[in-house]
Amino acid sequence: MAVLRTLGVAAPRPEMLRALERTADILRAQGHDVRDDDAALPGAADFPAPFQLRQKVLAHNRLLGVLDDFTTRRADFEPWFADLLDGGRNIAPAEFAAYWAHRSLLDRWTAELFDRFDLLLMPTVPTTAWLAEGPDVATAVRERTLPISYTSVFNDTGHPAISVPAGVGPDGLPCAVQLVARHHREDLLLGAAQVVETAEGTLHPPAFATLA
């Protein structure tokens with residue numbers, strides 16, 4: 001199992017790193033071979049450009065699904081979502097090509113990682129929480145705390161992933177770690193998550209309804 005701290009694009013808060021280290025120790029104590037790795041995402045040196053391109057393509061695809069309603073009833077959309085959809089209006093063929101080229105790099109990058117490791121462990125997000133209206137994107141870029149820093153790559157590549165509670169930060173808000181497995185190895189993923197949740201006391205048995 002590889003412990004990945006930054007993916008070359010994030011600056012996790014100290015409480016997130018402490019949660020990560022504690023989780024790694026839990027898994028080591030249960031017999032997992034847990035090793036540090038400094039693998040960086042493709043295009044990390046160009047941060048935040050790959051994330052911005054991804055979000056623009058996703059916004060364009062979302063816009064296509066609601067175009068008629070958005071055109072005639074824009075005021076019915078939440079302002080933040082309307083702004084996101086507007087960002088997807090003008091996208092060039094070259095941007096689509098660049099996006100899919102980057103997606104291909106992500107597939108090769110994850111394939112190489114899973115040639116060396118059966119599981120990956122990292123923060124789920126760089127910070128404990130944001131305000132209810134969401135993070136200020138300009139600040140998140142400047143401080144390298146984008147919410148999607150660790151999760152978007154595996155959404156794109158389709159690898160099974162799970163976020164597991166990992167204690168509480170000094171602000172009283174919860175921390176979490178993300179486990180990621182090879183394709184079709186949900187068994188490994190859920191087994192490791194159960195180990196962590198049992199040790200953290202966050203594992204709850206399933207609730208069954210009873211008939212009176």
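This is a selection-by-selection tour of a predicted model.

Residues are numbered from 1 along each chain as its sequence is written. Because the model is predicted, local features need pLDDT of at least 70 and side-chain atom pairs count only at pLDDT 80 or more, while totals for chains, interfaces and linings use all residues; side-chain values use heavy atoms, with hydrogens and water left out.

**Stop 1: helix 7**

Select residues 186-200, which form helix 7. Helices (H or I, at least four residues) and strands (E, at least two) are DSSP runs, numbered from the N terminus. Helix 7 has 15 residues and spans 21 Å from first C-alpha to last, close to the 21 Å expected at 1.5 Å a residue. The expected span is 1.5 Å times one less than the number of residues.

Now colour L189, A192, A193, V196 and E197, the buried residues of helix 7. Buried means under 20% relative accessible area, exposed over 50%, and partly exposed in between (1.4 Å probe, protein chains only). Looking down the axis of helix 7, the buried residues fall within an arc of 135 degrees, so they line one face of the helix. The arc is that of the directions from the helix axis to the C-beta atoms. On the face turned away from this buried side, pick out the exposed residues L190, T198 and A199.

What covers the buried residues of helix 7? Show helix 1 (14-29), strand 3 (119-123), strand 4 (161-168) and strand 5 (174-181), which are included in the cover.

Next select E200, also in helix 7. E200 counts as partly exposed, at 23% relative accessibility. Leaving aside neighbours within four places in sequence, E200 is in contact (heavy atoms within 4.5 Å) with R22, I26, P165, A166 and G167. For a distance across the model, draw a line from the C-alpha of E200 to that of H60: the two are 140 residues apart along the chain and separated by 41 Å. Just after helix 7, G201 has a positive phi of about 75 degrees.

**Stop 2: helix 1**

Move to helix 1, part of the cover over helix 7. Helix 1 has 16 residues and reaches 23 Å from its first C-alpha to its last, close to the 22 Å expected at 1.5 Å a residue. The buried residues in helix 1 are E15, M16, A19, L20, T23, A24, I26 and L27. Their cover includes strand 1 (2-4), strand 3, strand 4, strand 5 and helix 7. Just after helix 1, select G31, where phi is positive at about 95 degrees.

**Stop 3: helices 2 and 3**

Select residues 49-72 (helix 2) and 79-87 (helix 3). How do their axes cross? They come within 7 Å and cross at roughly 110 degrees, which makes helix 2 roughly perpendicular to helix 3. Axes are lines fitted to C-alpha atoms, for helices over the stretch in contact, and angles run from 0 to 180 degrees between N-to-C directions. Angles of 65 to 115 degrees count as roughly perpendicular.

Show side chains for K56, A59, R62, L63, V66 and F70 in helix 2, which meet F81, A82, L84, L85, D86 and G87 in helix 3. The residues of this contact divide into eight nonpolar, one polar and three charged. Here Ala, Val, Leu, Ile, Met, Phe, Trp, Tyr, Cys and Pro count as nonpolar, Asp, Glu, Lys and Arg as charged, and the others, Gly among them, as polar.

Go back to P48, in the loop between strand 2 (35-37) and helix 2. The peptide bond joining F47 and P48 is cis, with omega at about 5 degrees.

**Stop 4: around helix 6**

Select S152, which lies in helix 6 (residues 152-157). At 5% relative accessibility, S152 is buried. Not counting residues up to four places away in sequence, S152 touches F51 and R54.

T151 sits in the loop between helix 5 (137-143) and helix 6. With residues up to four places away in sequence not counted, T151 touches T124 and Q178. The C-alpha atoms of T151 and P123 are separated by 9.2 Å, at 28 residues apart along the chain.

**Stop 5: two positive phi values**

Most residues other than glycine have a negative phi, and most peptide bonds are trans. Select R144, in the loop between helix 5 and helix 6. R144 has a positive phi of about 60 degrees although it is not a glycine, and is partly exposed, with a relative accessible area of 29%.

Finish at H184, in the loop between strand 5 and helix 7. H184 is not a glycine, yet has a positive phi of about 70 degrees. Is H184 buried or exposed? At 71% relative accessibility, H184 counts as exposed.

Methods:
Angles under 35 degrees count as roughly parallel, over 145 as roughly antiparallel, 65 to 115 as roughly perpendicular and the rest as oblique.
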